[in-house]
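Good morning, and thank you for coming. Today I shall speak about pockets.

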Amino acid sequence: MASKSDKEKLTPVQQQYQDLAAHREPRRFTFINLARAFVVGGLICVIGQAIQQMFIHWGGFDEKKASNPTVAVLVMISIILTSLGVYDKLAQWAGAGTAVPVTGFANAMASSAIEHRREGLVLGLGSSIFKVAGPVIVFGTVAAFIIAIVYFIFDIKMTGG
């Protein structure tokens, strides 16, 4: 926003524009945004926990072995909701609450694929998906390497891993 001395130099039209711009500027942060993100992110996690419990109870999995199919189901739900246009509307409403890592990443991949599907399988789908996945994979690989070096240098023993 312009300072008081800058406002005095503005023409009436410029002042009117400044007032209009200030009026139209979206609000930065509200408690409602925080609450929506918390509720939706928590709900995604609760759904994931319920799916995991179903695999444990009805599938005969133990807690550790139920994790992989749980993640797969959450990814599938995210992709289906993205393809139906529901996930994006939910993300607009809930903000960062939908960025729960596995569902947010699946949404980003599916959105990219849907957006570029007309360009063909290789140039459209393939290259667009890796625009999103590439940095995530590289970051994960580099972070794992750095953590492994730290564990090696300090002789940290992993248990239960």
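Which helices each supply at least two residues of the lining of the second largest pocket? They are α3 and α4.

Please note that this is a predicted model, in which local features need pLDDT of at least 70, side-chain atom pairs count only at pLDDT 80 or more, and totals for chains, interfaces and linings use all residues. Residues are numbered from 1 along each chain as its sequence is written, and side-chain values use heavy atoms, with hydrogens and water left out.

A pocket here is an open set of points on a 1 Å grid over the protein atoms alone, where a 1.4 Å probe fits, with protein on both sides within 12 Å along at least five of seven lines; lining residues have an atom within 4 Å of a point. Helices are DSSP runs (H or I, at least four residues), numbered from the N terminus.

The second largest pocket holds about 160 Å³ of space, a volume being the space filled by probe spheres set on the points. Helix α3 gives the largest share of its lining, five residues. Among the lining residues are Gly-48, Gln-52 and Thr-70.

Thr-70 belongs to helix α4. Is Thr-70 buried or exposed? Thr-70 counts as buried because its relative accessibility is 6%, and buried means under 20% relative accessible area with a 1.4 Å probe, protein chains only. Beyond its neighbours within four places in sequence, Thr-70 is in contact (heavy atoms within 4.5 Å) with Gly-48, Ile-51, Gln-52 and Phe-55.

Finally, the largest pocket has a volume of about 180 Å³. Its lining draws at least two residues each from α3 (31-59), α4 (67-83) and α5 (86-94).

Key
Buried < 20%, exposed > 50% of the residue type's maximum accessible area, 1.4 Å probe, protein only.
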